[in-house]
Amino acid sequence: MGAENKFKGHYPYMNREHQLAYVQDIGLGSIKYNLIKLETPAYKNPGAHG
């Protein structure tokens, strides 16, 4: 079962890439990011949720 883009389903005419480029151009954010792996006690031991 794949993930469905609910926003695009409701607003198929909106160009998300254009919006993100504009936000970056006016200095409100960046489309570049780094993913980091978080290690928590629950991540290390999935059965220890309490």
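Before the residues, one cut-off: a residue counts as buried under 20% relative accessible area, as exposed over 50%, and as partly exposed in between. Keep in mind that this is a predicted model.

With that scale, take Tyr-11. Its relative accessible area is 36%, so Tyr-11 is partly exposed. Tyr-13 has 65% relative accessibility and therefore counts as exposed. Met-14 comes out at 33%, so Met-14 is partly exposed.

Now the whole chain. Of its 50 residues, 0% are buried. The chain exposes about 5,300 Å², and 57% of that area is supplied by carbon and sulfur atoms. As for secondary structure, there are 3 helices and 0 strands, so to speak of order, the elements run α-α-α from the N terminus.

Back to the two tyrosines. How many aromatic pairs does a search of the whole structure find? The search finds 1. That pair is Tyr-11 with Tyr-13, in an edge-to-face arrangement, 6.3 Å from centre to centre and with 85° between the planes. The label follows from the angle, because planes over 60 degrees apart count as edge-to-face.

Both tyrosines also belong to a nonpolar patch on the surface, together with Phe-7 and Met-14. The accessible area of these residues together is about 460 Å². Where does Met-14 sit? Met-14 is in the loop between α1, residues 6–10, and α2, residues 16–25.

To recap: an edge-to-face pair of Tyr-11 and Tyr-13, and a nonpolar surface patch that includes both of them. That is my item.

Definitions and conventions: Residues are numbered from 1 along each chain as its sequence is written. This is a predicted model: local features need pLDDT of at least 70, side-chain atom pairs count only at pLDDT 80 or more; totals for chains, interfaces and linings use all residues. Side-chain values use heavy atoms; hydrogens and water are left out. Rings of Phe, Tyr and Trp (its six-membered ring) pair if their centres lie within 6.5 Å; planes under 30 degrees apart count as stacked, over 60 as edge-to-face and the rest as tilted. Buried means under 20% relative accessible area, exposed over 50%, partly exposed in between (1.4 Å probe, protein chains only). Helices (H or I, at least four residues) and strands (E, at least two) are DSSP runs, numbered from the N terminus. Accessible areas come from the Shrake-Rupley method with a 1.4 Å probe; for residues, only the protein chains shown count as cover. Patches are made of residues with over 30% relative accessible area and no salt bridge: like charges are joined within 9 Å, nonpolar side chains (Val, Leu, Ile, Met, Phe, Trp, Tyr) within 5 Å. A salt bridge is a side-chain nitrogen of Lys or Arg within 4 Å of a carboxyl oxygen of Asp or Glu.
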